[in-house]
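Please look over the sequence and the structure first.

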Amino acid sequence: MLKVKGLLKDYKNVRAVNDISFDLEEGDIVGLLGPNGAGKSTTIKTIAGLLRATYGDVTINGHKNTSVDAKSNFSYIPEMPELYEMLTVWEHIKFIAYAYKVSNWEEKAEKLLRRYDMWDRKDKLSKELSKGMKQKVSICCGLLPDPGLYLFDEPMIGLDPKAIRETKIIFKELSERGKTIFVSTHLLDSIENLCKRVLVMKSGTIIADESVDNLKKKLGNNTDVSLEDVFLEVTKDE
Ligand SMILES: Nc1ncnc2c1ncn2[C@@H]1O[C@H](COP(=O)(O)OP(=O)(O)OP(=O)(O)O)[C@@H](O)[C@H]1O
């Protein structure tokens, strides 16, 4: 579904992503972990085509990531929700529905907004929403077109516990329907039981690409070991 080959991204004087390669298959939920500045957001933005790769190839369902065919087959949900201040929640949803030609969109949108406790706020302007509410709208907009691939950058930040739980349930439902989810996060316990596989980045490179179980085994197969323990161990400075 997603193929990343030899991806390298330089900002002026900074090599943010240094020659990374990986593939994601249909139905995968893969976590992208790493300390601050590791290159997670840059990787996701480059896959989404918002940043131009310095080198390397990214394909989505066999199509180059910047092509229209690829763009119609993924949703990118950014770290900071980017909404139009003077549009209401419902107008955002309608905009996405029209842009992606979503059939039966009103019914789907109502279900999504209800799941995120946003139905009663559908006529509010986005500038009147809290940070968490904006995040919920951003997630609903990403979910509405029902693409094959979801790129989530820190989706849980700012969400209340109920919305975090709902998001995890939605991830599972999407995966069961063969959708692919690539999710960066620092909230390790939020994905521990969700992602079978994690990529760990540090200083622009992938230092681990394994199942959570395998990573735990590397720490002695202790059943008390958490993903947080594993993360701190693999990312510690030598
Ligand atoms: N617009 C930019 N211009 C120059 N350097 C940048 C820019 N954006 C990010 N960087 C640098 O690229 C590197 C990777 O940043 P990135 O935001 O991808 O990391 P991250 O893993 O998402 O971090 P965080 O967990 O803090 O969100 C860092 O060294 C950062 O300082």
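**Briefing**

Strands S1 and S2 form a hairpin with four residues between them. The model is a predicted one, in which local features need pLDDT of at least 70, side-chain atom pairs count only at pLDDT 80 or more, and totals for chains, interfaces and linings use all residues. Residues are numbered from 1 along each chain as its sequence is written. Helices (H or I, at least four residues) and strands (E, at least two) are DSSP runs, numbered from the N terminus. Two strands pair if DSSP finds at least two bridges between them.

- Strand S1 covers residues 2-10 and strand S2 covers residues 15-24; they pair in the antiparallel sense over seven bridges.
- Leu8 stands opposite Asn18 of S2.

**The six-stranded sheet**

- Six strands make an open sheet with mixed pairing, in the order S6-S7-S8-S3-S9-S10.
- Strand S6 (74-77) and strand S10 (205-211) are the edge strands, each with a single partner strand, so one side of each has no neighbour in the sheet.
- On average, neighbouring strands of this sheet are turned by 15° against each other, direction ignored. Axes here are lines fitted to C-alpha atoms, for helices over the stretch in contact, and angles run from 0 to 180 degrees between N-to-C directions.
- Strands of a sheet pair through backbone hydrogen bonds, either parallel or antiparallel.
- Strand S3 (residues 29-33) pairs with strand S9 (residues 197-202) in the parallel sense, over four bridges.
- Gly31 has Val198 of S9 as its bridge partner, and Leu33 stands opposite Val200 of S9.
- Helix H1 packs on the sheet and touches S3, strand S7 (149-153), strand S8 (180-184) and S9, its direction making about 150° with that of S7. Contact between two residues requires C-beta atoms, placed from the backbone, within 7 Å.
- Helix H9 (residues 227-235) also packs on the sheet, where it touches S3, S9 and S10; its direction makes about 35° with that of S9.
- The pairing of S9 and S10 is antiparallel, over six bridges, and Arg197 stands opposite Ser211 of S10.
- Two residues lie between the strands in the hairpin of S9 and S10, where Ser203 takes a positive phi near 45°.

**The ligand shell**

- Around the ligand are Tyr11, Val14, Ala16, Gly34, Asn36, Gly37, Ala38, Gly39, Lys40, Ser41 and Thr42.
- By class, the shell has four nonpolar, six polar and one charged residues. Ala, Val, Leu, Ile, Met, Phe, Trp, Tyr, Cys and Pro count as nonpolar, Asp, Glu, Lys and Arg as charged, and the others, Gly among them, as polar.

**The two domains**

- The domain assignment, which is automatic or from a database, gives domain 1 (2-73 + 148-235) and domain 2 (83-146).
- Their C-alpha centres lie 25 Å apart.
- Nine residues of domain 1 are in contact with nine residues of domain 2.
- On the side of domain 1 that touches domain 2, helix H6 (residues 161-176) supplies the largest share, four residues.
- That side of domain 1 has five nonpolar, two polar and two charged residues.

**Lys71**

- Lys71 lies in helix H2 (residues 68-71).
- C-alpha to C-alpha, Lys71 and Ile60 are 8.5 Å apart in space, and they are 11 residues apart in sequence.

Methods:
A residue is near a molecule or strand if its C-beta atom, placed from the backbone, lies within 6 Å of it.
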